[in-house]
Amino acid sequence: MTVGVLQLPSVGMSTTKLYHYVRIAHKRGVRVLLMGEYLLNSFFKELQQTPVSMLRELCDHQLGILRDLAAAYDMTFVAPLVTVKAGTPFKSIVKISPRSTAYYQQQVLIDYPHWNEAAFFANPVEPLHEPMTFRVDNVRFGILGGYELHFDALWQSIWEKRIDCILLPTASTFESQQRWRDLIRMRAFTHNCFVLRANRIGDVKDDGHLWRFYGDSLLANPDGEIESTLGDREELMVVEIDHAQVMESRRGWKFKEAMEKRRD
């Protein structure tokens, strides 16, 4: 199956780039298009200064655009989006197909002093449940928020649901590029699935500090090898997700088989 990754800075209310790249993706046969964190919205630090009414207006605006594009091009979009309920912002990931819209509220948020999403968003703190999953043709996808890549408990359900490809939108910055690459490769290998990461680009100034988002969107295959990457510029990446390759890797490494033999 042909899947795309859209690597952009924040687009805000603008629709020009979305329409442009979706048309290109359609011509290249893309069925599922993944976007990075804080691409449809401004970065979290900027959102802290934005009235909730404007966040809601932007959410409704972007949902309308993506629904129209999904219907026009028979494409499924997976994109992080700040949603608003009862006047309160939530960090969500929306999955929009030509026939339906579904939401995944990120379950684990960053809560560091310099980057405290948990204090800003109203996402509940509760026992973890399985990530959102969906199927297109014979490929089963799972969705995780970027920070959630770190937590083993969420990956248990990846085994149980037999996910072929994890869609991972991120907003990675500072000097974290190699660490993210290593972790993504490890998860892809130990769970014998594709991991498709969409990272945003662009700069954000906050209290005199520069947050630079470096791109490096990539695809890691079920053997833990990086098959495709983007640089640090505005780009569209188109890749193939092969269910047969996933099955071949699982048969070869037998990780899941070894665990199933040891179930209580």
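Mentor: Phenylalanine 141 stands opposite cysteine 165, which belongs to β10. The model is predicted, so to speak of local features we need pLDDT of at least 70, and side-chain atom pairs count only at pLDDT 80 or more, while totals for chains, interfaces and linings use all residues. Residues are numbered from 1 along each chain as its sequence is written, and side-chain values use heavy atoms, with hydrogens and water left out.

Trainee: In which sense do β9 and β10 pair, and over how many bridges?

Mentor: In general, strands of a sheet pair through backbone hydrogen bonds, either parallel or antiparallel. Here β9 (residues 139-143) and β10 (residues 165-170) pair in the parallel sense over 3 bridges, where pairing requires at least two bridges found by DSSP, and strands (E, at least two residues) and helices (H or I, at least four) are DSSP runs numbered from the N terminus.

Trainee: What is the order of the strands in the open sheet?

Mentor: The order of its 6 strands is β8-β9-β10-β11-β14-β15, with mixed pairing. At the edges, β8 (132-136) and β15 (226-229) each pair on one side only.

Trainee: Which helix packs on the sheet?

Mentor: Helix α6 (residues 177-190) does, touching β10, β11 (194-199), β14 (218-220) and β15, contact meaning heavy atoms within 4.5 Å. The direction of α6 makes about 35 degrees with that of β14, the axes being lines fitted to C-alpha atoms (for helices over the stretch in contact) and angles running from 0 to 180 degrees between N-to-C directions.
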